[in-house]
Amino acid sequence: MRLRVAGVIVLLYAQPLSRVVRLTLDDVIRDGDTVLLRLGEPPSPVPPPVAALLLEHITNRGNMNTATNPASRWLFPGRRPGQPLGPNHLSALLNQAGIPIAAARGAALRQQLLELPASVVADALGYHDKTTSRLRNETGGTWSRYAAGDHGRSPAGWVPRVTSDS
């Protein structure tokens with residue numbers, strides 16, 4: 001279960017394992033039937049089949065029966081007291097399961113950049129906007145003229161032009 005959840009987070013959200021293992025239970029947000037994962041702002045929605053897997057993992061996390069971890073808040077608790085699972089250990093387990101982490105993460109990020117503006121991907125997944133812009137250019141993304149920011153409000157001092165048709 002732990003490998004499935006970690007692999008899905010890497011494949012869907014292009015997250016490095018060093019960040020995946022640092023996720024806590026507080027990064028999984030339940031809002032009614034909706035499950036969100038806090039990787040950036042705003043939190044990213046989790047598709048229903050993945051949400052069910054994630055919630056089942058939370059209920060049955062490994063390494064919780066040791067004397068050192070009964071109240072661990074880590075999504076992937078490790079064997080050492082108060083520490084998450086090591087990213088190198090998790091990487092080795094995922095590679096044994098046939099998931100090449102570096103290639104999978106790169107492909108997932110590039111796919112996101114083909115579908116969304118670089119600034120949106122950066123905010124949602126917790127990447128730096130310069131990184132996502134550079135990768136967008138490398139992949140041939142078409143969102144190069146997207147203006148980041150709050151599009152729901154007008155700039156300060158802007159007044160709509162009144163025409164004779166108004």
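## Helices α5 and α6

Helix α5 crosses helix α6 in the right-handed sense. A crossing is called right-handed if the near helix is turned clockwise from the far one by less than a right angle, and left-handed if anticlockwise. Helices here are DSSP runs of H or I with at least four residues, strands are E runs of at least two, and both are numbered from the N terminus.

Helix α5 covers residues 101-115 and helix α6 covers residues 118-125. Their axes come within 8 Å and cross at roughly 130 degrees. That makes α5 oblique to α6. Angles under 35 degrees count as roughly parallel, over 145 as roughly antiparallel, 65 to 115 as roughly perpendicular, and the rest as oblique. Axes are lines fitted to C-alpha atoms, for helices over the stretch in contact, and angles run from 0 to 180 degrees between N-to-C directions.

From α5, Leu109, Gln112 and Leu113 meet Ala118, Val121 and Leu125 of α6. The contact residues of this pair divide into 5 nonpolar, 1 polar and no charged. Contact means heavy atoms within 4.5 Å. Ala, Val, Leu, Ile, Met, Phe, Trp, Tyr, Cys and Pro count as nonpolar; Asp, Glu, Lys and Arg as charged; the others, Gly among them, as polar.

## Basis of the model

This is a predicted model, in which local features need pLDDT of at least 70, side-chain atom pairs count only at pLDDT 80 or more, and totals for chains, interfaces and linings use all residues. Residues are numbered from 1 along each chain as its sequence is written, and side-chain values use heavy atoms, with hydrogens and water left out.

## Helices α1 and α3

Helix α1 (residues 2-13) passes helix α3 (residues 48-59) with axes within 9 Å, crossing at roughly 135 degrees. The two are therefore oblique to each other. This crossing is left-handed.

On the α1 side, Arg2, Arg4, Val5, Val8 and Leu12 make the contact. They meet Val50, Leu53, Leu54 and His57 of α3. The contact residues divide into 6 nonpolar, 1 polar and 2 charged.

Strand β1 (residues 28-31) pairs with strand β2 (residues 34-37) in the antiparallel sense over 4 bridges. Strands pair if DSSP finds at least two bridges between them. Val28 stands opposite Leu37 in β2. The two strands form a hairpin with 2 residues between them. Gly32 in the turn has a positive phi of about 70 degrees.

Strand β2 also runs antiparallel to strand β3 (residues 44-45), joined by 2 bridges. Here Leu37 has Ser44 as its bridge partner. A hairpin through 6 residues joins β2 to β3.
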